[in-house]
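Open your viewer and get the selection tool ready. We will go from one stop to the next, and at each one you will hear what to pick and what is there.

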Amino acid sequence: MVPQEPPAISIRALTKRYGSLVALSNLNLEIAPGEIFGFLGLNGAGKTTAIRILLDLLRPTSGSADIFGHDCQTDGLKARARIGYLPGELGVYSDLTGRELLHFLERVGGSPVDKGYQRELFARFELSDRDLSRKLREYSTGMKRKVGLIQAFQANPDLLILDEPTEGLDPLMQESFYNVLADVKRRGRTVFMSSHVLPEVERVCDRIALLRKGELVLVSSVEEARKLASRRVQISFARPVQVPAQLPESYDVIESHAHNWVLSVRGPLGSLPSLLASYPVSDLKVEEARLEDVLVKYYRDGAQ
Amino acid sequence: MKVLAALVLQALRRTRRLLIVACILLAGFQVALILQANSVQANESFAQMGNLVPDFVRDVMGSAFAAFLTYRGIVCLGYFHPAVMGALIAVSIALATVPVMEIENGFIDLVLARPLARPWIITRSIIVAFVSTLLLLAAMCAGTGFGLNALGLSEKDVTWPSASLIAQIALNLGLLMLCWSGIAMAVGCAVQRRGTAGAIAGLTALTAFLTDYVGRAWKPLQTVAWLSPFRYYAPFDLVMGDPVAWKDLIVLAGVAVAGYSLAYYFYSRRDISH
């Protein structure tokens with residue numbers, strides 16, 4: 001029997017308090033190898049705190065976390081040997097050149113860097129030899145971000161932990177990043193990324209978790225999460241009609257005019273065809289629920 | 001070990017400008033003092049200088065006063081002049097607070113996110129403290145050696161400080177620097193900001209210096225003056241010809257070791273957050 005690979009990330013009852021402030025409360029999460037996992041939440045929700053505990057930069061008040069079966073605190077060296085990390089804010093010595101920084105991080109990283117892969121990353125993120133020979137103080141925010149991404153990816157780690165990876169990248173570089181991420185996924189690597197950019201999360205993530213005030217309020221696949229939000233249905237009629245007095249419970253009327261209704265529908269649309277069967281429908285448009293709608297709902301309404 | 005070497009080389013590379021400038025200034029100061037001693041000797045002004053010194057300064061300096069007002073004493077002044085001691089301790093504090101600075105600017109996140117144990121960061125900083133202390137003292141000794149051999153008065157006319165005397169004072173001064181390095185590193189690993197660590201260590205050093213200085217002449221302070229690390233730096237006694245006070249060296253080394261040990265302790269337990 002082939003032994004089952006442990007989860008890429010396993011977090012159990014993780015809590016972090018700063019005095020009376022609870023930054024993270026009883027977080028439980030499991031991420032399978034090969035997943036691209038989006039970690040979402042407003043500023044101060046506890047995303048970065050959780051990430052820093054995984055890297056053993058912060059010590060939890062209680063609970064524990066494993067990376068590929070290695071406890072992040074007691075077996076941190078083995079855990080971190082399999083991680084590539086991009087911090088939310090890249091702190092660097094600005095008197096180093098980009099190349100010097102990457103070389104230094106390669107040396108302290110312990111894992112050999114495939115120079116071919118590194119060159120490929122330079123090309124994909126459009127960092128020329130000239131750029132790499134410049135001091136980091138001369139770099140723009142976007143260029144620093146690119147160096148940050150390269151240092152995270154260059155050792156081809158099993159798990160990438162990326163804190164707001166596309167912050168400061170222009171649209172072209174964001175596209176390059178998504179392509180690199182797709183390659184990484186094809187190679188079976190795991191990605192744990194926090195982001196504010198919801199279209200990005202919808203595009204690249206398999207599953208998401210949503211944190212609110214340090215508490216996990218949602219763990220779901222992106223598809224399932226979308227289903228939690230209402231869909232907007234626009235119906236046009238060939239002749240004037242009235243909205244019926246009785247609509248199914250999951251239907252809300254947003255707008256109603258003689259030739260046009262706009263409805264909000266929670267859940268499946270199965271009952272819609274029968275509802276409209278007796279009406280002179282000339283056009284029907286269903287807007288897919290956006291992840292953003294779900295998250296706004298969770299944040300605004302405190303939905304559980 | 002490759003990882004430690006990478007950390008040390010990177011840290012030394014970053015501090016090389018500071019160290020080079022400090023080495024040049026300190027070596028130059030030693031040479032300048034030798035030229036000054038030449039001038040005083042040529043004018044036969046040592047006795048005149050002695051008469052100008054107020055009584056309380058004689059009290060502060062004790063029996064070393066006589067030795068200080070000699071060619072040899074002036075040459076050695078560069079090793080215990082308050083400006084030199086202040087500069088050396090400032091460099092020690094600056095280098096010892098690099099770990100907290102790296103937490104503050106976020107650089108250490110990139111380093112510690114890799115399979116690297118936290119104690120290596122402190123070990124690196126201790127090695128850098130030792131190397132920089134050695135370099136600075138070597139530059140001072142080189143300045144003295146060069147100044148005496150190239151510009152100093154002949155040994156037939158004046159008494160030069162012996163190489164072993166210079167080495168003994170440098171050893172005592174080096175341990176004083178490491179002592180403050182240990183204190184500053186321990187403070188740095190316990191606080192959030194480098195500015196806080198520098199201010200605490202710097203003000204503590206100033207208080208300790210004044211406590212020792214004033215305590216030499218003012219009896220009430222003598223009861224606490226033993227707490228000051230400066231009490232265990234005795235260049236005047238060495239210039240007078242006393243043997244090295246090993247007890248003083250052990251006290252300074254002990255404080256340094258205690259400081260570095262606390263630094264390991266605090267750094268391995270603290271949150272790395274900026």
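Start by selecting residues 82-96 of chain B, helix α6 (helices are DSSP runs of H or I with at least four residues, numbered from the N terminus). Colour its buried residues, meaning those under 20% relative accessible area with a 1.4 Å probe and protein chains only: B:V84, B:M85, B:L88, B:I89, B:V91, B:S92, B:I93, B:L95 and B:A96. Now show what covers them, including α1 (2-42), α7 (98-104), α9 (119-151), α10 (163-190) and α11 (194-215) of chain B.

A note on the ground rules: this is a predicted model, where local features need pLDDT of at least 70 and side-chain atom pairs count only at pLDDT 80 or more, while totals for chains, interfaces and linings use all residues. Residues are numbered from 1 along each chain as its sequence is written, chains are lettered from A in the order in which they are written, and side-chain values use heavy atoms, without hydrogens and water.

Next, select A:F153, A:L162 and A:F192, which have the most contacts inside the largest nonpolar core, a set of 154 residues (buried Ala, Val, Leu, Ile, Met, Phe, Trp, Tyr and Cys joined through side-chain atoms within 4.5 Å). The element that gives the most to this core is α10(B), with 14 residues. Another core, of 13 residues, lies apart from it and includes A:V233 and A:W261.

Finally, go to B:L203 in helix α11 of chain B. Is B:L203 buried or exposed? At 53% relative accessibility, B:L203 counts as exposed, the cut-off being over 50%.

Definitions and conventions:
Helices (H or I, at least four residues) and strands (E, at least two) are DSSP runs, numbered from the N terminus. The expected span of a helix is 1.5 Å times one less than its number of residues. Contact means heavy atoms within 4.5 Å.
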